[in-house]
Amino acid sequence: MKLSRILGVSVIAAMLLTLAPQGPVSADGAASTRNIILGGAAAALIIINHNKQVHAHYAQDAANEASLAAQRDDAQAAYTSEKKAYDNEAALVGDLKREVSYQHDQVVQLQRQVSMLQPHDTSGHATNFVAQTTLVHPTSVGGEQQVAVTSYGWGTI
Amino acid sequence: MTSIRALAVCCCAVLALAGCGSSESRTADDVARAVYNDDIDSATKNFTPDLAKTVTRQELGQLSDLMHQRGDYKGLKQTGTEPDGAYDFEADFSNGTLIVKMKLDSSGKVSGYRVIPSPSM
């Protein structure tokens, strides 16, 4: 944009120069040829520099886009990885829930079996003839230790 | 004559000491002997009505068998009292011992009676 303005101003200046009063013309063919060559070289240099800057700018833009794409790809990869980990955790939780449910069923089933093994009184209620009773044992250091033992009898102690 | 009197006094003292066993020990001993003999009426005589209703002949027989596995019943001695009011005894047999825990209600009736095989067995 800035370069276009400069070129525009240069063109206008050149046109104004053509309107300026002309001095006496001296036919110097060698100098004219040299000036044409120098002008062409200068124009070529300006164009080359301009192209170089444009290409550098494009390269920078491309590098930035590439960097952003890489970041975006990294974020996408990280998201995918996290989602995969979450899915695995959710599956694990599901497995654990199923395992707990299975163990609960097993416990209930075993409790039912134990209840069926226990003797029942005439009214059909389970008795506690065989039960777990706490026994207090003295320890070697003068303390007491409570031990759960199997006891036989009636009532609770 | 004097020696006869002394002997009589000694006999009376021995009998008095023999009767000094606590009522809990006597009750526990009575129940243990009744269980050992598989006598349900004697075993439940000192039980509370609710507890007596839970005793079956089959269970009494099992407990009697458990005692007979240890030989002849010789008696029991109190080994302690628990904070909740239960009494601990050690029943002595010719071939081992059993731990007996007994609980009495306010009227002195047995509200809980449990036998534990001794850990050494």
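# Reading a two-chain model: a tutorial

Student: How many residues of chain B are in contact with chain A?

Tutor: Two residues are in contact if their C-beta atoms, placed from the backbone, lie within 7 Å, and by that rule 18 residues of chain B are in contact with 14 residues of chain A. On the chain B side, β4(B) gives the most, with six residues. Sorted by class, that side has eight nonpolar, six polar and four charged residues, where Ala, Val, Leu, Ile, Met, Phe, Trp, Tyr, Cys and Pro count as nonpolar, Asp, Glu, Lys and Arg as charged, and the others, Gly among them, as polar. Please keep in mind that this is a predicted model, in which local features need pLDDT of at least 70 and side-chain atom pairs count only at pLDDT 80 or more, while totals for chains, interfaces and linings use all residues. Residues are numbered from 1 along each chain as its sequence is written, and chains are lettered from A and ligands numbered from 1 in the order in which they are written.

Student: Which pattern does chain A follow along the sequence?

Tutor: Helices (H or I, at least four residues) and strands (E, at least two) are DSSP runs, numbered from the N terminus. Chain A has two helices and two strands, and their order along the sequence is α-α-β-β.

Student: In which sense do strands β1 and β2 of chain A pair?

Tutor: Two strands pair if DSSP finds at least two bridges between them. Here β1 (residues 130–138) and β2 (residues 144–154) of chain A pair in the antiparallel sense over nine bridges, and A:His137 stands opposite A:Gln145 in β2(A). Their hairpin has five residues between the strands, and in it A:Gly142 takes a positive phi near 95°.

Student: Which strand of chain B is joined to β2(A)?

Tutor: Three bridges join β2(A) to β4 (residues 110–117) of chain B, and these strands run antiparallel. A:Gly153 has B:Arg114 as its bridge partner, while A:Trp154 stands opposite B:Tyr113.

Student: Where do the buried residues of helix α5(B) lie, seen down its axis?

Tutor: An α-helix has 3.6 residues a turn, so residues three or four places apart point the same way. A residue is buried if 20 or more other C-beta atoms lie within 10 Å of its own, exposed if 12 or fewer, and partly exposed in between, with C-beta atoms placed from the backbone. The buried residues of α5(B) are B:Glu59, B:Leu60, B:Leu63 and B:Met67. Seen down the axis, they fall within an arc of 100° (taken from the directions from the helix axis to the C-beta atoms), so they line one face of the helix. The face turned away from this buried side carries the exposed residues B:Arg57, B:Gln58 and B:Asp65.

Student: What is the phi of B:Asp38?

Tutor: Most residues other than glycine have a negative phi. B:Asp38, however, has a positive phi near 60°, and its place is in the loop between α2 (23–36) and α3 (40–45) of chain B. B:Asp38 counts as partly exposed because it has 16 C-beta neighbours inside 10 Å.

Student: Which residues have the most contacts inside the largest nonpolar core?

Tutor: In soluble globular proteins, nonpolar side chains tend to be buried together. A nonpolar core is a set of buried Ala, Val, Leu, Ile, Met, Phe, Trp, Tyr and Cys residues joined through C-beta atoms within 7 Å. The largest one has 26 residues, and B:Ala28, B:Val100 and B:Met102 have the most contacts inside it. β3(B) gives the most to this core, with five residues.
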